[in-house]
Amino acid sequence: MDVSDDVNARKYLTEVTSIVDSARASLVRIDAYTEDRAVSGNGVIYSNVDNIVYIFTPYNLVHGASYQTVTFDSGVTIDGYLIGEDFTSGLALLACYPPFSVRTMTLGNSDAVVDGQYVAAVSARRQESAAVISSFGIVSSSGMYRTSILSRIYTDMLAVDFSITEDMYGGALMNIKGEIVGILVSSPFQSITGCGYALSINEAKLVYDQLLYKGSVTRGNPGIVYREVSYMESYEKNQLDIPLDQNTGMLITHVWDEGAAQHTLKAGDVILSADGESLTTAQVFRRILYSHNPGDTVDLVFLSDGEQHSISLMLK
């Protein structure tokens, strides 16, 4: 192909191709080794702090591994070091020290992602070639899921209308601006058949902060399932006696048996604030919960049957 042919070809690059091209330099292949096996997966270059590169990769990929290596899109392979891991989110954080510059992901705001929005899923290069795996579709829904039947804590996920294969776990879910809005994961407990899933990047941001500084993640668990009031329709508010102009707060949709809130809150209540901070988004509430350990108390103001109440709830 001569130069003119190459220029003409690039004129017809789709937005998806551009997303894949921009993302692949910020994706890596992770090879994890134990005494009797070796497994491969993906990683996302999340940050670069003082020339230490931090990478998110699936918990199940590196848990129990003796050591792991990181292969960049250039084909260069170096050692990776486990900083911490979190079973609940399904993420682990690795560090490595590349003797060259790397490109970190541009972080998006997953709370701004809406149903029907176009996204692309991209994996790192394959072991046998420089090719990547990519898929394109729309966000079907966002919501709170348990990553495993063993977990009682809900994490924020994005469901897409295309399947995510095991070869893609740990890769990136990108918006059309080339920002990462999620990290590709296996289907959670009680998932929607036919959908693929990504842990929201805003959830990953909270996990990163704790893994980086503590090596593990602790979160106070109120024992509830909730959704943002701002996404409720008028008829839903009428049914639950929520003022139509109420656009902040978290609607409780389920209270766990033997959970912290079992005898205090009920489905249909709306939590307005936590520790004095208005709950404008679910991200705000999760950030506050991530700042607490089990056994801590969180001060809540909530609406129940049209009346406002205040409690101090001990988290589990």
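The dialogue below turns to the cavity and then to the barrel.

Reply: This is a predicted model, in which local features need pLDDT of at least 70, side-chain atom pairs count only at pLDDT 80 or more, and totals for chains, interfaces and linings use all residues. Residues are numbered from 1 along each chain as its sequence is written, and side-chain values use heavy atoms, without hydrogens and water.

Me: How many cavities of 30 Å³ or more does a search of the whole structure find?

Reply: Rolling a probe the size of a water molecule over the atoms shows where empty space is left. On a 1 Å grid over the protein atoms alone, a cavity is a set of points where a 1.4 Å probe fits but cannot get out, and lining residues have an atom within 4 Å of a point. Grid points are joined across faces, edges and corners, and a volume is the space filled by probe spheres set on the points. Here the search finds 1 cavity of 30 Å³ or more. The largest cavity holds about 140 Å³ of space. Its lining has 15 residues, and those closest to the centre are Ile 153, Tyr 154, Pro 222, Tyr 226 and Leu 289.

Me: Which strands form the closed barrel, and in what order?

Reply: Strands (E, at least two residues) are DSSP runs, numbered from the N terminus, and two strands pair if DSSP finds at least two bridges between them. The closed barrel has 6 strands in the order 7-8-9-12-11-10, with antiparallel pairing. Strand 7 (residues 118–122) and strand 10 (residues 172–175) are joined by 4 bridges; Ala 120 has Met 174 in strand 10 as its bridge partner.

Conventions:
1 Å grid on protein atoms, 1.4 Å probe; cavity = no way out; pocket = protein on both sides within 12 Å on 5 of 7 lines; lining within 4 Å.
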